[in-house]
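I'll jot down what I look up as I go.

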Amino acid sequence: MTVPRTRRRSLKQRLAAGDSLRGVLLRLPSETLVEMAGVAGLDYVVIDCEHGPADTALLQHHIMAAEAHGIDVLVRVGTAEPTLALRCLDLGAAGLIHPHVDGAEDARRAVAASHYPPWGERGFATYSRSGRFGTVPAAEHVAASRQTLVIPMIETQRACAAADEIAGTEGVDAVLVGPADLAADCGFPAPEAVNRLVRQAHRAIVESGRTVMTIVPHLEAARAAEEAGARLIVFNMAQVLMDTMGTLVRPSRP
């Protein structure tokens, strides 16, 4: 989280106030889409450095574009990648999504990689972008870093069974269930079997007092998710764009 130049509320503050927030999932390079998301008035973007290229130079450009348009950036890092997590936060990411968290110990490691001591184990520096290149006092930099969102991903049957422990881990702000990996872990059963596990995990997250984040393919799914209690909605832009482009294709003649 970058030390703010203005008093714009952080995502964490907005969630604490009860807001529901919408964002889009993008893969590098998507700099223009970041700007478009900001212009459109979305609340945040998720940059995927797990299934996309984890290029921190490109990521810096995307974060700069987002900041110019008043939109926050969350970054999905890879599994157990504290070094990448450190670099993303130094660049000014507002939070991190940690995939493949299967239990409380994994969740604790995600929190440790996302925060300075005593909350975590992130290496301290104020001379990065997030510290405005050393121009802010250490105490102010630390205070800003406390606004970092920590979001573990549940992606296995084991993780669904431990959803209450994961969500209840100190320092976790929200939890995202990854339906694609969950389906793979289950052997690609009928969709309802996966949906049942997702609902089970969502109940445990809410009962633990944490925010549910969910990935949706279109607006109708977003509305349904919000009605079910999710407050961090992220649109899968690859699917949104491909579905839209599919409607533009000229029908072939018989």
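Is Arg22 buried, exposed or partly exposed? I get a relative accessible area of 23% for Arg22, so it is partly exposed (buried is under 20%, exposed over 50%, partly exposed in between, with a 1.4 Å probe and protein chains only).

Ground rules I'm working under: this is a predicted model, where local features need pLDDT of at least 70, side-chain atom pairs count only at pLDDT 80 or more, and totals for chains, interfaces and linings use all residues. Residues are numbered from 1 along each chain as its sequence is written, and side-chain values use heavy atoms, with hydrogens and water left out.

Next I looked up the partner: Arg22 makes a salt bridge with Glu226, 2.8 Å from N to O (the rule is a side-chain nitrogen of Lys or Arg within 4 Å of a carboxyl oxygen of Asp or Glu). I note that this pair links distant parts of the chain, 204 residues apart, with Glu226 in helix H11 (residues 219–227) and Arg22 in strand E1 (residues 21–27). Helices (H or I, at least four residues) and strands (E, at least two) are DSSP runs, numbered from the N terminus. Glu226 is partly exposed too, at 26%.

I then checked Arg27, which pairs with Asp48 at 3.2 Å between the closest N and O atoms. That one joins strand E1 to strand E2 (residues 44–48), 21 residues apart. Asp48 is buried at 0%, while Arg27 is partly exposed at 34%.

My count for the model is 16 salt bridges.
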